[in-house]
Amino acid sequence: MNKPDIRPAGRGGSPLARRLLPFAGAIVELGQKGFLVKHIIASLFRVTWGYLLAVAVGVPFGILLAWYRRGGLALAPLVEIVRPISALAWIPLAILWFGVGDLSAVFIIFIASVLPLTVAAMSAVGGVSDVHWNAGRNFGLSAAEIARRVLFPAILPRLLVGLRLALGIAWLVVVAAEMIAVNSGLGFLIIDARNAGNRYDLVVAGMVLIGTIGLGLDAAMRSIERLPALRWGYASVAAAREAA
């Protein structure tokens, strides 16, 4: 006669749960050793600086190229030539110029983000209706006042989409940069776990952390897009599409 199975119900678990258990255990192990917070903070630090530098350079540069059309026509081809070059191709030059460390990773993130932001700013300015420009001129506004009271409010909703996409690129690139140019961060964690005894549970744990944090960053940017002060831009676009 077959004996009944008296094992606790939760001990065996589903096949999926048994497969995921080592990866969850790896995350707990990182937390207990203090490595989890260290690597996350290192990656966020590099992304923050590289991304903010890209915003500070790329957005004004794109606005100027679209504002002064002759200069934009002269420099836009150069931007389009450089933009398709993968940021990873800059890694040898980054190490040559800045050495192995945070500056190299920040530079790579900056390179990856600045040109998409430039193009996004140019597109946003190009999408401003002539009615807005003419209204500002008819009221006798100076160039600085037109920029502050007409241009920036008009481009901000569309520009936020570019900012969101560029942040995703920055977070994607930091992982690759940390695999080569630094000795900390989630990217370094993945490559180090593979090299140090084939700890693939730590590799997958690092991948899960990267995806989770990336999802959180994207959700934060999406919440900014939904602010009442900015929703008018998306509403007007939706209304125009329905009318068409």
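Thr118 is found in helix α6, where helices (H or I, at least four residues) and strands (E, at least two) are DSSP runs numbered from the N terminus. This is a predicted model, in which local features need pLDDT of at least 70 and side-chain atom pairs count only at pLDDT 80 or more, while totals for chains, interfaces and linings use all residues. Residues are numbered from 1 along each chain as its sequence is written, and side-chain values use heavy atoms, with hydrogens and water left out.

**Chain overview**

- The chain holds eleven helices and zero strands, and along the sequence its pattern reads α-α-α-α-α-α-α-α-α-α-α.
- Of its 244 residues, 35% count as buried; buried means under 20% relative accessible area, exposed over 50%, and partly exposed in between (1.4 Å probe, protein chains only).
- Among contacts in the chain with a separation of 6 or more, 74% come from residues 24 or more positions apart, a contact being heavy atoms within 4.5 Å.
- The chain has an accessible surface of about 14700 Å², of which 67% belongs to carbon and sulfur atoms; accessible areas come from the Shrake-Rupley method with a 1.4 Å probe, and for residues only the protein chains shown count as cover.

- Thr118 counts as buried at 1% relative accessibility, and, leaving aside residues up to four places away in sequence, Thr118 touches Gly58, Phe61, Gly62 and Leu65.
- Ser104, also placed in helix α6, counts as buried at 0% relative accessibility.
- The side chain of Ser104 reaches the backbone oxygen of Gly99 at 2.2 Å, and a polar atom of the Ser104 side chain lies 3.2 Å from the backbone oxygen of Ala94.
- With residues up to four places away in sequence not counted, Ser104 touches Ala94, Ile95, Phe98, Gly99 and Ala181.

**Aromatic pairs**

- The structure holds three aromatic pairs; rings of Phe, Tyr and Trp (its six-membered ring) pair if their centres lie within 6.5 Å, with planes under 30 degrees apart counted as stacked, over 60 as edge-to-face and the rest as tilted.
- In one of these pairs, the rings of Trp90 and Phe107 have centres 6.1 Å apart and planes at 70°, so the pair is edge-to-face.
- This pair links distant parts of the chain, since Trp90 sits in the loop between α4 (69-82) and α5 (91-98) and Phe107 in helix α6 (residues 102-126), 17 residues apart.
- Phe107 is buried, with a relative accessible area of 15%, and Phe107 also pairs with Phe98 in a tilted arrangement, at 5.2 Å centre to centre and 45° between the planes.
- Phe98 is partly exposed, at a relative accessible area of 40%, and one aromatic cluster is formed by Trp90, Trp97, Phe98 and Phe107.

**Nonpolar surface patch**

- Leu93, Leu96, Trp97, Phe98 and Leu103 form a nonpolar patch on the surface, with about 540 Å² of accessible area together.
- Patches are made of residues with over 30% relative accessible area and no salt bridge, like charges being joined within 9 Å and nonpolar side chains (Val, Leu, Ile, Met, Phe, Trp, Tyr) within 5 Å; a salt bridge is a side-chain nitrogen of Lys or Arg within 4 Å of a carboxyl oxygen of Asp or Glu.
- Helix α5 gives the most to the nonpolar patch, with four residues, whereas Leu103 has its place in helix α6 and is exposed, with a relative accessible area of 55%.

Conventions: Polar contact = N/O pair within 3.5 Å; in protein donor to acceptor, adjacent residues only side chain to side chain.
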